[in-house]
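Subject: The two-chain structure for you to look at

Hi there,

Here is the structure I promised to send over. Have a look at it first, and then read on for what turned up when I went through it.

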Amino acid sequence: MRRFTIALVLGAVLLSPATLADEFTGTDVDRWQSEFDSVAKKGRELWTSGALGTNSVACAQCHPNAANTHPETYPKFQKQLGKVAQLFEMVNWCIRNPLQGAALPADDPKMTALVAYIHKERKGVAIDAGKH
Amino acid sequence: MTRLITRRSVIAAGAAAGTLTTLPISMVRLAFGGTREDFSFTYISDSHIQQIKGASFVRNWDMGLKRAVAEANLITPEADFVMFGGDLAQLGKKEELDHGAEMLSHVKGKLHSVMGEHDYYLDLGEYWSKLYGPQWYSFDHKGVHFVVLNSILTTDEWTFHRWPTAEQRMLEMAGLDNPNGSPFMVGEKQRAWLKDDLDKVAKDTPLIVFSHSPLQKIYKGWNFWTDDAEQVQALLQPFKTVNVIYGHVHQIQYNQIGNISFNAVMATAWPWPYPDTYAQAGAHVPVLTVPMNRADPFFERDATGWQMIDVNSGRVTARYQLWDNGERVVGYDPKLGKPVDKKYQEAIVRKAPQLHY
């Protein structure tokens with residue numbers, strides 16, 4: 001994918017008569033990918049650690065490889081929450097209930113890491129917001 | 001909707017099973033002549049009792065095991081015995097095994113127990129064996145030969161030489177999706193014992209084998225897998241009717257390989273997704289299986305449960321006692337030569353919004 005992106009960028013540069021704005025290099029792409037990967041890796045550590053809540057239960061106990069989390073279906077209506085909810089709200093539901101912990105702010109780096117990990121494991125599945 | 005499972009609902013589930021079931025306690029004419037008394041047994045599995053610290057344990061998992069035991073005790077006529085399918089504890093600790101064993105001690109009737117990896121990899125089964133005795137053995141009951149196996153062993157290198165501490169070894173094996181784990185196996189020593197044991201049994205005796213991991217290969221990434229499954233199956237194939245019942249997978253699965261029918265049982269603790277829902281894994285579910293409904297996380301006991309199992313047809317009929325859905329009955333269909341779900345064989349009668357994906 002990264003190689004394809006680089007090829008696309010190089011191709012666009014070579015083919016277009018005018019130089020594109022906001023050019024980015026292979027070094028940029030590598031950096032961005034490794035930033036994402038390191039955050040997703042932190043997410044995997046949190047996912048399996050049992051330290052997110054208070055009862056030592058880990059997300060991975062019910063969701064190996066983050067399966068059955070359906071990140072591609074959010075936002076969606078959750079009848080028990082009574083509203084259309086985002087993925088982080090459902091993650092917080094799990095932290096509060098099976099993990100007996102305290103909810104994280106939406107932009108908490110831990111939440112970002114968890115969501116990054118969930119999406120990484122679900123890579124390649126088409127977006128389908130609202131699906132049940 | 002949650003229902004307390006009573007004798008009435010179990011008998012109703014039996015009635016829905018149609019030709020595969022008979023009234024409780026009757027004599028069945030066997031295909032090979034003679035008669036055998038009907039009986040059923042209770043199957044409870046995968047309670048994963050988890051210590052938080054000191055005297056506190058994860059309430060959710062405690063409640064699953066307590067509920068299964070309480071409901072199984074309400075059934076009349078009583079089951080002949082109770083099987084516990086392994087993973088009594090989460091991290092093999094003495095405190096967890098003791099706490100779980102105390103709850104399990106309330107079952108009516110004799111209890112047989114199967115070793116799970118969560119019971120084993122802290123002290124290599126030492127404390128569990130003090131509670132429940134040998135890790136593999138056989139017994140006969142009303143014309144059926146039963147075998148209990150420890151199917152969660154692995155290589156000596158992984159077991160004895162890879163990890164600096166027993167606690168780390170346990171944690172590495174406890175993570176279902178942990179790539180540092182190791183494939184389960186029955187092993188050469190136990191297979192030799194099994195061969196000797198089965199040599200003494202007539203080939204037309206119904207045979208029921210209990211293991212924790214599936215004695216078939218489903219998905220290696222989550223250890224829904226036994227590495228020497230084919231070698232164990234080869235020892236079982238000469239028998240006319242063979243059933244393997246396994247836990248570990250926390251979901252309804254069934255399959256038929258040659259003469260061997262496979263049934264998985266539910267966990268009391270939590271459900272697992274089917275392996276084919278992992279986008280990076282591909283399809284890994286036995287083709288015969290109609291999956292159970294996707295769990296509703298808002299109901300704590302959904303997609304967990306326990307089983308009543310009868311051997312009235314000479315084969316296993318598993319009645320899944322589910323806590324937020326109707327009971328499911330999976331039994332052997334002699335015409336098709338494989339286990340079938342008695343109700344949900346056709347996709348059109350299933351609940352589409354609850355499909356796994």
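This is a predicted model: local features need pLDDT of at least 70, side-chain atom pairs count only at pLDDT 80 or more; totals for chains, interfaces and linings use all residues.

In which loop of chain B is B:Pro77 found? B:Pro77 sits in the loop between α2 and β6 of chain B.

A:Pro75 lies in the loop between α3 (59-62) and β1 (76-78) of chain A. That loop of chain A also holds A:Asn68, which is not a glycine and yet has a positive phi, near 60 degrees. A:Asn68 is partly exposed, with 19 other C-beta atoms within 10 Å. In chain B, B:Asp46 is likewise not a glycine and has a positive phi of about 50 degrees. You will find B:Asp46 in the loop between β3 and β4 (51-53) of chain B, and it counts as buried, with 28 C-beta neighbours inside 10 Å. As background, most residues other than glycine have a negative phi, and most peptide bonds are trans.

Now to the sheet in chain B. Seven strands form an open sheet in the order β7-β6-β3-β14-β15-β16-β17, with mixed pairing. The edges are β7 (110-113) and β17 (338-341) of chain B; each has a single partner strand, so one side of each is left without a neighbour in the sheet. From one strand to the next, the twist averages 25 degrees. Within this sheet, β3 (residues 40-44) and β6 (residues 81-84) of chain B pair in the parallel sense over three bridges, and B:Thr42 stands opposite B:Val82 in β6(B). Helix α2 (residues 59-74) of chain B packs on the sheet, where it touches β3, β6, β14 (305-310) and β15 (317-322) of chain B. The direction of α2(B) makes about 170 degrees with that of β3(B).

Two other helices of chain B are worth a look. In α9 (residues 229-236), the buried residues are B:Ala229, B:Val232, B:Gln233 and B:Leu236. They cover an arc of only 100 degrees around the axis, which puts them on the same side of α9(B). Why would such a spacing line residues up? An α-helix has 3.6 residues a turn, so residues three or four places apart point the same way. The cover over the buried residues of α9(B) includes α8 (188-199), β10 (207-211), β11 (242-246), β12 (254-257) and β13 (260-264) of chain B. In α3 (residues 94-104) of chain B, B:Glu96, B:Leu97, B:His99, B:Gly100 and B:Leu104 are buried. Their arc is 165 degrees seen down the axis of α3(B), so they line one face of the helix.

β12(B) and β13(B) run antiparallel and are joined by four bridges, with B:Tyr254 opposite B:Asn263 in β13(B). Their hairpin has two residues between the strands, and B:Gly258 takes a positive phi near 60 degrees there.

Finally, the chains together: 18 residues of chain B are in contact with 19 residues of chain A. The chain B side of that contact has 11 nonpolar, five polar and two charged residues.

Best wishes

Conventions. Residues are numbered from 1 along each chain as its sequence is written. Chains are lettered from A and ligands numbered from 1 in the order in which they are written. Two residues are in contact if their C-beta atoms, placed from the backbone, lie within 7 Å. Ala, Val, Leu, Ile, Met, Phe, Trp, Tyr, Cys and Pro count as nonpolar, Asp, Glu, Lys and Arg as charged, and the others, Gly among them, as polar. A residue is buried if 20 or more other C-beta atoms lie within 10 Å of its own, exposed if 12 or fewer, and partly exposed in between; C-beta atoms are placed from the backbone. The arc is that of the directions from the helix axis to the C-beta atoms. Two strands pair if DSSP finds at least two bridges between them. Axes are lines fitted to C-alpha atoms, for helices over the stretch in contact, and angles run from 0 to 180 degrees between N-to-C directions.
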